[in-house]
Amino acid sequence: MNEVALQVKSLTKEFGSLTAVDNLSLEVYRGEIFGFLGPNGAGKTTSIRMMCGLLEPDSGEVIFQGGKLVGICPQETILWEKLTCLEQLEFIGEMYNLPAKLARQRGDELLSILGLEEKRHNLASTLSGGMKRRLNLALALIHDPEILVLDEPEAGLDPQSRLLVREYIRSLAQKKTIILTTHNMDEAERMADRVAIIDHGKLLVTDTPEALKRTIGEGDVLEIEILSIPVEQALAIIQPDFPDIQVEGNNYFIRAGGIMEKMSSLFDAIKKAGGEIGEVHLRANTLEDVFISLTGRRLRQ
Amino acid sequence: MRIWSVIRKCAREQKRDLWVLGLSLVFAPLFVFIYWLFTGGNATTSYAALVINHDEAARFSDGVMHNAGEDVILAMQELTFKDGSPILRVSSISDRDLGETALRDRDATLLVIIPPSFSQTLANAQSGAAEPTTQVEFIGDLTNPYYTVAAVMAMTALDGYAVDATGEYRAVSLLETALGDSAARTEFEMYIPGLLVLAVIMMLFQAAMLVARDIESGSLQRLKITRLTAFEYLSGTTAWLALIAIAEVLLTFAVAVAFGFRSHGALWVAILVGVITSLSIIGVGMIVASLSKTVSQAFVIANFPFGFFMFLSGAAFPIPMNRLFTIAERDIKIIDVLPPTHAVAALNKVFTLEVGLSGVLYELTALSVLSVIYFSVGVWLFRKRHLN
């Protein structure tokens with residue numbers, strides 16, 4: 001049975017007339033990576049700020065089972081520009097009541113793991129954006145927290161840093177409970193054991209990525225751009241064989257099993273009716289599809 | 001432990017901001033140096049007096065013709081401070097309009113017009129005739145604070161000469177006793193307490209902006225998660241700023257002494273006053289920081305207490321205030337909530353009036369109480385607004 005590390009009960013936060021988080025309840029299990037997926041402004045950051053005690057909720061409660069040692073890596077890089085990498089790790093370590101020697105030792109270790117060992121005596125102001133993000137993460141880990149909260153951990157990272165950070169977070173997951181927020185479905189899908197999809201402050205659904213994808217049907221998704229014929233005519237051609245279809249402008253999202261075998265005859269039928277085929281993408285179901293099926297909108301809209 | 005870590009963090013950050021640290025440290029010493037240059041080092045205040053002498057010579061009882069007006073001018077020129085420097089810089093002119101223009105432009109402080117009958121009237125009085133009297137005219141801008149001093153000094157010279165010349169019996173003689181070393185203070189020395197207090201007041205900006213930098217950058221949010229308390233954070237920051245203030249006060253004294261400043265009381269008492277004053281000013285800086293979200297906001301807000309400290313504390317000029325209440329036979333006024341009020345009073349006592357620690361105990365106590373109050377309010381506000 002999964003052991004609960006963090007329990008959130010009916011958390012609500014309003015800013016004036018805007019309800020940023022609306023009666024949010026969920027459980028995070030010990031040792032899992034729990035992803036908060038939602039578009040910008042969905043209430044993800046507000047939710048985790050309340051979970052970490054940085055923001056007082058209007059109502060509801062957050063219950064930490066067992067330890068309450070939390071590390072948070074905010075979306076913005078929050079650093080002391082005039083301190084070196086090691087100095088700020090030492091400083092924050094000491095703020096968590098670590099002995100100076102241990103803080104320094106752990107700081108050295110983290111810098112090494114995150115590929116910043118050569119920058120240990122460099123001022124934060126001299127680091128590149130990706131390095132700053134990595135240092136930002138190190139600051140959240142200096143006191144070896146039981147629960148690690150990562151707000152958009154891959155935002156602003158260069159591909160090399162992204163890979164490094166992703167691998168490191170995965171390695172941490174074996175020892176810690178990790179909560180991450182993201183508006184990036186790939187990131188959530190790759191990283192999270194379970195995903196909570198949130199929109200307009202409301203929790204829509206919580207489950208594993210695979211289970212969530214299963215809820216919207218089996219098979220692949222064919223994204224096809226059809227030009228020169230009206231939507232009604234295009235639908236008349238497609239729908240008899242592919243009833244699960246969504247339309248956005250000239251783009252048609254067709255979900256079906258074994259779609260590869262039927263693609264050729266579909267394209268022929270469209271061309272025969274005078275249609276032109278623009279861009280074509282074939283992919284597996286994603287969390288984005290889940291989000292679309294739940295809200296009727298894309299994550300980035 | 002955590003307070004010490006905050007001090008070390010502040011020190012490290014400041015180490016990389018040597019320009020700001022340097023400016024903070026040299027601000028007051030530089031002003032001392034500039035003021036020394038302006039005042040000519042040891043010079044005392046000398047008041048420019050213009051004299052129009054219409055006097056016509058008359059024969060006195062010794063049978064010699066005298067122009068008493070010229071003697072009065074000489075008597076005015078001979079008035080000196082304890083160090084021998086002249087009190088009045090006397091110049092003779094012939095045109096009243098020119099003299100009044102000089103007064104309006106503050107090129108001169110006083111215009112004295114001696115009438116044609118001056119010598120004759122004195123000669124008559126010498127021979128026993130009481131009538132008629134003659135009238136010497138004093139002209140000046142009464143809103144100019146220097147006028148009163150110059151006029152009193154010129155009257156003293158004139159009156160002394162007239163009494164001596166006529167041999168009148170003087171029933172009352174006046175004895176002036178200068179408190180402490182007040183008769184021998186140079187203009188440069190008189191302004192040192194004010195400059196020192198100004199240097200300490202300037203800590204207000206540094207204190208407020210140092211804390212506001214952490215608020216603006218968001219790093220305070222990170223500290224919030226560590227459960228660092230407002231008291232710990234502000235104590236560490238205050239301790240670091242106090243170290244800078246001590247260095248600044250010592251440096252200012254060192255420069256002042258090097259340029260001839262003399263303290264007649266114990267210098268360490270003055271330094272103690274400076275340090276405790278800086279703590280109270282830093283306390284106000286913490287309140288300002290608590291009310292700010294950005295460094296520029298802190299700067300703007302800090303101008304308000306700065307204005308009060310500079311112009312309403314009595315540090316720059318006397319402020320007439322009614323007492324609010326009395327404690328231990330001391331009248332408490334509204335301006336007593338401003339630390340510079342006590343700092344200037346204490347420093348003047350130490351420097352000029354030769355008092356020791358016991359003589360400034362009241363001011364030190366007031367400064368200490370204000371420091372505690374301002375710091376506590378700062379902590380309370382900071383906890384409420386930033387580190388809750």
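How much space lies in the largest cavity? The largest cavity holds about 60 Å³ of space, a cavity being a set of points on a 1 Å grid over the protein atoms alone where a 1.4 Å probe fits but cannot get out. The volume is the space filled by probe spheres set on the points, with grid points joined across faces, edges and corners.

The structure is a predicted model, in which local features need pLDDT of at least 70, side-chain atom pairs count only at pLDDT 80 or more, and totals for chains, interfaces and linings use all residues. Residues are numbered from 1 along each chain as its sequence is written, chains are lettered from A and ligands numbered from 1 in the order in which they are written, and side-chain values use heavy atoms, with hydrogens and water left out.

The structure contains 2 cavities of 30 Å³ or more. Lining residues, defined as those with an atom within 4 Å of a point, include A:Asp244, A:Phe253, A:Arg255 and A:Asp289 for the largest cavity. Strand E12 (251-256) and helix H10 (287-295) of chain A each supply at least two residues of this lining, and E12(A) provides the largest share, 3 residues; helices (H or I, at least four residues) and strands (E, at least two) are DSSP runs numbered from the N terminus. By class, the lining has 4 nonpolar, 1 polar and 3 charged residues, where Ala, Val, Leu, Ile, Met, Phe, Trp, Tyr, Cys and Pro count as nonpolar, Asp, Glu, Lys and Arg as charged, and the others, Gly among them, as polar.

The second largest cavity has a volume of about 40 Å³. Among the residues lining the second largest cavity are A:Cys73, A:Arg133, A:Leu137 and A:Ile169. H4 and helix H5 (159-173) of chain A each give two or more residues to that lining, which by class has 7 nonpolar, no polar and 1 charged residues.

Between the chains, 26 residues from chain A and 22 residues from chain B take part in the contact (heavy atoms within 4.5 Å). Chain A and chain B bury about 2,300 Å² between them, 58% of it on carbon and sulfur atoms; buried area is the accessible area (1.4 Å probe) that two parts lose on being put together, summed over both. A:Trp80, A:Lys82 and A:Met95 supply 29% of the area that chain A buries against chain B, more than any other three residues. The two chains are joined by 4 salt bridges (a side-chain nitrogen of Lys or Arg within 4 Å of a carboxyl oxygen of Asp or Glu). B:Arg12 and A:Glu87 form a salt bridge through their side chains, at 3.6 Å from N to O.

Technical notes
1 Å grid on protein atoms, 1.4 Å probe; cavity = no way out; pocket = protein on both sides within 12 Å on 5 of 7 lines; lining within 4 Å.
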